[in-house]
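Trainee: I would like to learn how to read helix packing in a model. Please go through it with me.

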Amino acid sequence: MEHLFFFYFALIIAAASVLVVALHNPIYSALALLIMFFHVAGLYVTLHAEFLAAVQIIVYAGAILVLYLFVVMLLNLKHDDRYHRQWPIAACVGTALVVEAIILTLLKGRTTSPLPSNQGTAVEGLGNTESLGDVLYSTYLFPFEVASLLLLVAMIGAIVLAKKDIGGEATQQP
Amino acid sequence: MIPLSYYLTLSAVVFLTGLVGVLIRRNIIIILLSVELMLNATNINFVAFSQYFHNINGQVFVFFALTVAAAEVAVGLAIVIALYRAKSTINVDEFQLLKW
């Protein structure tokens, strides 16, 4: 049963990510990415990371993808794009990496790494959200605050970049 | 219990798909979507290792990766809009301002 769920999610994730790259219409690509995000969230649920699954759907599918769709529809693209002319190099690099990944996966059986003991941060009795919040607000409090600063900087940067007239006629169309 | 290598294989497949997408596509929006694919592949790795080592720190890192992804999308799409306003295209081959 566990394997059934995993293979279902894995198959859909792999197929949707291939569709994201292969489809020509950017809107279809974004919708394929939406399917992929939902199935990654399902995979998180099978890995007992329920809070991350919820965050994945809210942030990725709810915020990031809507932003993408806004921009795609705003730009109103007429011409279809072709592949980059460097695609033979990309195919070579991709094939080499796939071969390497397959070899490493097949070698997995003889390199059995011992499981390290619990570092004291895993709180087994609590739920996923509680233990995550526990660690996030104690050990990772400073990175958490820095992350909020990062979001503020990104917000200001996005507004400044997308504003129409920065410095008079500097960004006007030549 | 599903072996950890299955998750790693899935993550590698998704990451390679994103890498190939960045390399072969010319539409800048598809390139940004492929970057999202790669970030998701690393997130799958983080969560799988977090589950198998019974260590919650991996999930915290997914949290931060998500924050960075949100910031990257906001700034990246703003740059796309600024580029489109300047050049009326989103084909990356047309952006040659720094090449001479």
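**Domains and helix packing**

Mentor: The centres of domain 1 and domain 2 of chain A, taken over C-alpha atoms, are 22 Å apart. Domain 1 covers 1–77 and domain 2 covers 124–164, with bounds from an automatic or database domain assignment. This is a predicted model, in which local features need pLDDT of at least 70, side-chain atom pairs count only at pLDDT 80 or more, and totals for chains, interfaces and linings use all residues. Residues are numbered from 1 along each chain as its sequence is written, and chains are lettered from A and ligands numbered from 1 in the order in which they are written.

Trainee: What describes two packed helices?

Mentor: The angle between their axes and the distance between the axes. Axes are lines fitted to C-alpha atoms, for helices over the stretch in contact, and angles run from 0 to 180 degrees between N-to-C directions. Helices are DSSP runs (H or I, at least four residues), numbered from the N terminus.

Trainee: At what angle do α2(B) and α3(B) pack?

Mentor: At about 175°, with axes 9 Å apart. The pair is therefore roughly antiparallel (over 145 degrees; under 35 is roughly parallel). Among the contact residues are Leu32(B) and Phe46(B) of α2(B) and Val62(B) of α3(B), where contact means C-beta atoms, placed from the backbone, within 7 Å.

Trainee: How do α6(A) and α3(B) cross?

Mentor: At roughly 10°, their axes coming within 8 Å. That makes α6(A) roughly parallel to α3(B). Leu150(A) of α6(A) and Val75(B) of α3(B) are among the contact residues.

Terms used: Helices (H or I, at least four residues) and strands (E, at least two) are DSSP runs, numbered from the N terminus. Angles under 35 degrees count as roughly parallel, over 145 as roughly antiparallel, 65 to 115 as roughly perpendicular and the rest as oblique. Two residues are in contact if their C-beta atoms, placed from the backbone, lie within 7 Å.
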